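Please have a look at the structure before I start.

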Amino acid sequence: MDIFSFFTLGGGLALFLYGMNVMSQGLSRLAGGKLEGILKKMTATRFHSMFLGLAITAAIQSSSAVTVMLVGLVNSGIMELGQTVGVIMGSNIGTTVTAWLLSSIGIEGDNFFVKLLNPSTFSPILALVGVVMTMSAKKSKHKDIGSIMVGFAILMFGMGFMSSAVKPLTEMPEFSRILIAFNNPFLGILTGFVLTAIIQSSSASVGVLQALSLTSSLTYGMAIPIIMGQNIGTCITAIISSIGVAKNAKRVAVIHVLFNLFGTTVCLILFYLGHALFQFPWIDSAISPVGIALCHTIFNVLTTMFLLPFSDKLVLIARKVIRTDGQEASFLDERLFRTPSVAIQECRNKADEMAHLACRNVVRSMGLLFNYDEDIAEEVEKVESAIDRFEDKIGSYLVKLSGFELSDTDSRMVSTLLHTIGDFERIGDHGVTILAAAKEIDEKKFLFSESGMLEVGYIKRALNDILAITEEAFINSDMDKAREVEPLEEVIDDLTDQIKARHIKRLQTGECTIEHGFVLNDLLISFERISDHCSNVAAALIELENYSFERHKYLRRLKSRNNDTFTNLYKEFSEKYGLPV
């Protein structure tokens, strides 16, 4: 091979890897919400998990990314170790889709339609359309489709460069001697392993093998062990990603390695035993790109068929290899950054948990008014500390995540979450303020007037409901519930003003004292601000739904009372929570 062919081969491989990366990122962004929906169903049977793993890998074109994602999910405590086995097996089958796409490089013929199937014919058109879409499209979905087209075209151009560079090898006697050495299956496995470990992509190493097969010098007997070695080599990415994680997450990498090692051993024995018994006539025949894709698929399907019934045994062996789990699960694992839509969904799950804690804590603290309990008070303070940690960790994670290339939908979700976790943290703070008021009432033995107790009961009921509505709207993305929040917030504002006015009248008659008034005022301020933060959360959800971030304009439009929905709900809530005359 001359120096020019060598550089052509290197450049082709570089283009191939870059194109695969661009295509994979575009597919990941486009999959977005669908990927999140798939992940929610991962608690099903092992067969279900296998098909889900296959679907995810086919969608994002990277089994390595799926494995790293699994390590991150287990390290965060989101998935159990046993749930990952079927997904890993399915991802190995899903990665064969790339080999079938690349096999079209070997299609030849004089027929017009046959020529159309060859990537050298349609790749330039794809590249042109993709570049135009990427540069001119306004919607992120269309930009992502454009980047997928460009990535695929670059990948195919790289494949073409590699195949052109290896064609002169057929005339070199040294190349023939090297290929003869590959008749040794162990050398073939080692070569496939090393090649895949270096470039960290089994799809890319299979692509190199397919380019090499275009020389017609590679036989089935040579290629099959290399393919098996490539499947072992792809485990390197999982092993690297498992460094510094909890023991349970390390076991994901162990399962991935065990699956491919056992699969290679079983298939290798069956292959050579079958050849010894039946003398396969095709073993010394030249293999084509389609043949490589077929062997790659058969190997992964057979391995999955053999080992899927023994999923529990793989988990047991992994637990014996990695003993004792001395590390706690990570709150949110940064390995999920490789699939931003999944990372955002896990932030959303944590934000849901935070919302529940904050709303529940306020309700618990309101229950201590006039009925103080020290044990419950300690629990409220502990939960408040947890809410603060949630806000700090989720916020830091989202800020880092925002530095990655996100789709418009994901970017809006990051912005919404950053706003809403702040509001839920403030809601939690006001729960502690209410607790302080409850403690003061208990310590000073304050006795509110019957009218005062009744009025506080009315506004507590309204606040309980606005918290419940806000929590439901946020966790379930329920826009109907979100639209109920602002009218109820206005009613709570009205109740606050009315209670203050009535307290002043009671002061004048001597029914209440100034000290009572200080405590009552602190409570009413907390109630009003909690309802304000609920309003902010609901407005953020509606903004996200309507692709708008003009919160103040939205709230002004609502409060103008020209909105029929707002007006009707406001009247309904006013009647429901209105103070008795």
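When I speak of a patch of charge, I mean residues that have over 30% relative accessible area and no salt bridge, with like charges joined within 9 Å. Keep in mind, please, that what you see is a predicted model.

With that in hand, on the surface there is a patch of negative charge, in which D373, E374, D375, E378, E381, D442 and E443 gather. Two helices, α18 (374–401) and α19 (408–443), each supply at least two residues of this patch, and the largest share, four residues, comes from α18. D373, for its part, sits in the loop between α17 (340–366) and α18, and because its relative accessibility is 32%, it counts as partly exposed.

Staying with α19, we also find R412 in that helix, and here the relative accessible area is 15%, so R412 is buried. Between R412 and E543 there are 131 residues of sequence separation, yet their C-alpha atoms lie 9.3 Å apart in space.

How many of the residues of α12 are buried? The helix is mostly covered, with 14 of its 14 residues buried, and over residues 220–233 it reaches 20 Å from the first C-alpha to the last, close to the 20 Å expected. Among the buried residues of α15 are P289, I292, H296, F299 and L307.

Notes
Residues numbered from 1 in each chain as written. Predicted model: local features only at pLDDT ≥ 70, side-chain atom pairs only at ≥ 80, totals over all residues. Heavy atoms only, no water. Expected span 1.5 Å × (residues − 1). Buried < 20%, exposed > 50% of the residue type's maximum accessible area, 1.4 Å probe, protein only. Patch = residues over 30% accessible without salt bridge, like charges linked within 9 Å, V, L, I, M, F, W, Y side chains within 5 Å. Areas by Shrake-Rupley, 256 points an atom, 1.4 Å probe, with all protein chains shown as cover. Salt bridge = Lys/Arg side-chain N within 4 Å of Asp/Glu carboxyl O. Lys, Arg positive; Asp, Glu negative; His and termini not counted. Charge placed at Lys NZ, Arg CZ, Asp CG, Glu CD.
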